Structures are given as C-alpha cells and as structure tokens.
Amino acid sequence: IGTSSPIGKALIINIRKFKNDPRDEKKRYHSEKDVNNLKTVLGHLQFDVTERSDLTKTQIVEATEQFVEDLNVSPVDICFVCIMSHGNKDYFISHDNEELSHEEDIMEKFSNSNCPKMRGLPKIFLIQSCRGKNRETMRDDAQSGGGPIICSSTLRDAIIAYSTVPGFVANRQQDGTWFIKAFC
C-alpha cells in the first residue's frame with residue numbers, strides 16, 4: 001500500500017425510495033442502517049466516503065463518472081463502490097425505476113482505459129440487490145436462543161471472485177495466471 005491519504009475512496013449509492021410509489025410498497029426500509037454501518041467501517045479504514053441517495057439513472061451515471069474523475073485526479077490505493085437497490089440478475093433499479101447494468105453502467109467505468117490512475121490497484125464492488133425472485137426459507141432457532149436460521153441449499157456467506165469479466169478470456173503465462181498471481 002502506498003502513502004496516499006486517505007488510503008481509499010468509497011462511493012455508496014443507496015436507492016431507498018422509488019418514484020411513483022405513493023404507498024411505499026417498493027421502499028427499502030432500514031437501508032440507512034447499512035449505509036451507516038458501511039460509513040463507520042470505511043471511516044475506520046481511512047476511506048473518504050461519498051454517499052448518494054435516491055438518484056435517477058442519469059444521476060447515478062453522473063455520480064459514478066464524477067467518482068472516477070476524482071480517482072483520476074486524486075488517486076488512492078483502493079476504491080470501493082456499493083450499490084444498494086432493488087434489482088435482478090444483471091441490473092439494479094434507479095429512483096426513477098430505470099434499469100442499470102452492474103457491469104456496463106458501473107464496473108466498466110473503472111476499467112483501465114476509463115480509470116487509468118487505478119490500474120493495478122484494487123477496486124471493490126458490493127451490489128446489495130435481489131438477483132431473482134426465489135426466496136430462502138427461514139425458521140427461528142428458539143431452542144438455542146439464537147435468531148433466525150436459514151434453511152436452504154443456497155450458497156451463503158461467500159465472496160466470489162472471477163478471473164475475468166463475462167465475454168473475456170482468463171490470461172495466463174508460463175509463471176501462472178494473472179488472477180492467481182495477483183491474489184497471491
């Protein structure tokens with residue numbers, strides 16, 4: 001890790017309310033608790049945190065582009081982006097109910113060509129949104145005094161990292177793959 005201060009920059013986009021939802025049926029109640037928890041942890045890790053809430057699609061794209069521009073002007077050792085909203089497998093929903101692609105509208109902005117000052121540096125993306133309609137089953141663990149227990153075969157408590165983005169090859173050389181070398 002280099003000597004820049006702060007050590008990292010973070011962008012948190014929280015879509016809590018949705019346009020044309022007068023009865024708050026789509027509202028993401030208590031999402032501000034997630035924002036506060038993230039800000040606390042990132043603050044302890046010496047991140048400069050930018051929080052934006054209830055943005056339209058255009059505003060999300062502009063906020064992301066501004067964040068990338070800031071990274072290119074004042075580089076740091078790591079960046080962190082968290083998107084919280086409703087969504088599906090490949091997209092999330094803006095305040096004005098428009099779809100944005102996780103990869104094309106957000107992650108691509110951080111590519112080496114778009115964000116050259118972050119080349120070779122870690123970029124963390126957290127997407128807090130549904131990825132489908134299936135639900136996990138829960139039951140209370142009243143006997144042991146604990147809280148709810150998930151009763152599902154769904155993979156949980158995992159961080160999944162791919163060696164490349166969809167549509168691209170995973171590169172390797174005689175001394176190993178780029179991905180594993182970077183990890184090790």
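**Entry 1: a serine to start with.** I began with Ser-31, which is buried at a relative accessible area of 2%. I keep in mind that this is a predicted model. Ser-31 sits in helix H1. I then listed its contacts, skipping residues up to four places away in sequence, and found Asn-14, Arg-16 and Met-84.

Entry 2: Next I checked the length of H1, which has 14 residues and runs over residues 31–44. At 1.5 Å a residue it should span 20 Å, and I get 20 Å between its end C-alpha atoms, so the two agree.

Which residues of H1 are buried? I noted Ser-31, Val-35, Leu-38 and Leu-42. Looking down the axis of H1, I see these buried residues fall within an arc of 70°, so they line one face of the helix. A reminder to myself: an α-helix has 3.6 residues a turn, so residues three or four places apart point the same way.

I also wrote down what the buried residues of H1 pack against: strand S1 (8–14), strand S2 (47–53), strand S3 (78–84) and strand S6 (123–128). On the other side of H1, I found Asn-37 and His-44 exposed. Just after H1, I flagged Gln-46 for its positive phi of about 65°.

Entry 3: I picked Lys-39, which lies in helix H1. Its relative accessibility is 34%, so I log Lys-39 as partly exposed. Leaving out neighbours within four places in sequence, I have Lys-39 in contact with Ile-12, Val-49 and Glu-51. I also took one C-alpha to C-alpha distance: Lys-39 and Leu-11 are 9.9 Å apart in space and 28 residues apart in sequence.

**Entry 4: the nonpolar cores.** In soluble globular proteins, nonpolar side chains tend to be buried together. With that in mind, I turned to the largest nonpolar core, which has 22 residues. Which of them touch the most other members? My list reads Ile-13, Ile-60, Phe-67, Leu-71, Ile-106 and Phe-110. The elements giving two or more residues to this core are S1, helix H2 (57–73), S3 and strand S4 (91–93). H2 supplies the largest share, six residues.

I followed up on Leu-71 from that list. Beyond its neighbours within four places in sequence, Leu-71 is in contact with Lys-9, Val-76, Cys-79, Phe-110, Cys-115, Lys-117 and Met-118. I then found a second, separate core of eleven residues, including Ile-7, Ala-10, Ile-12 and Leu-42.

**Entry 5: the rings.** For the last page I wanted the aromatic residues. A pair of aromatic rings is described by the distance of the centres and the angle of the planes. How many aromatic pairs are there? I count two.

Phe-110 is in the loop between helix H3 (102–106) and S6, while Phe-125 is in strand S6, so the pair ties together parts 15 residues apart in sequence.

Technical notes
Residues numbered from 1 in each chain as written. Predicted model: local features only at pLDDT ≥ 70, side-chain atom pairs only at ≥ 80, totals over all residues. Heavy atoms only, no water. Helix = DSSP H or I, 4+ residues; strand = E, 2+ residues; numbered from the N terminus. Expected span 1.5 Å × (residues − 1). Buried < 20%, exposed > 50% of the residue type's maximum accessible area, 1.4 Å probe, protein only. Arc of directions from axis to C-beta. Contact = heavy atoms within 4.5 Å. Core = buried A, V, L, I, M, F, W, Y, C linked by side-chain atoms within 4.5 Å. Phe/Tyr/Trp six-rings, centres within 6.5 Å; stacked < 30°, edge-to-face > 60°.
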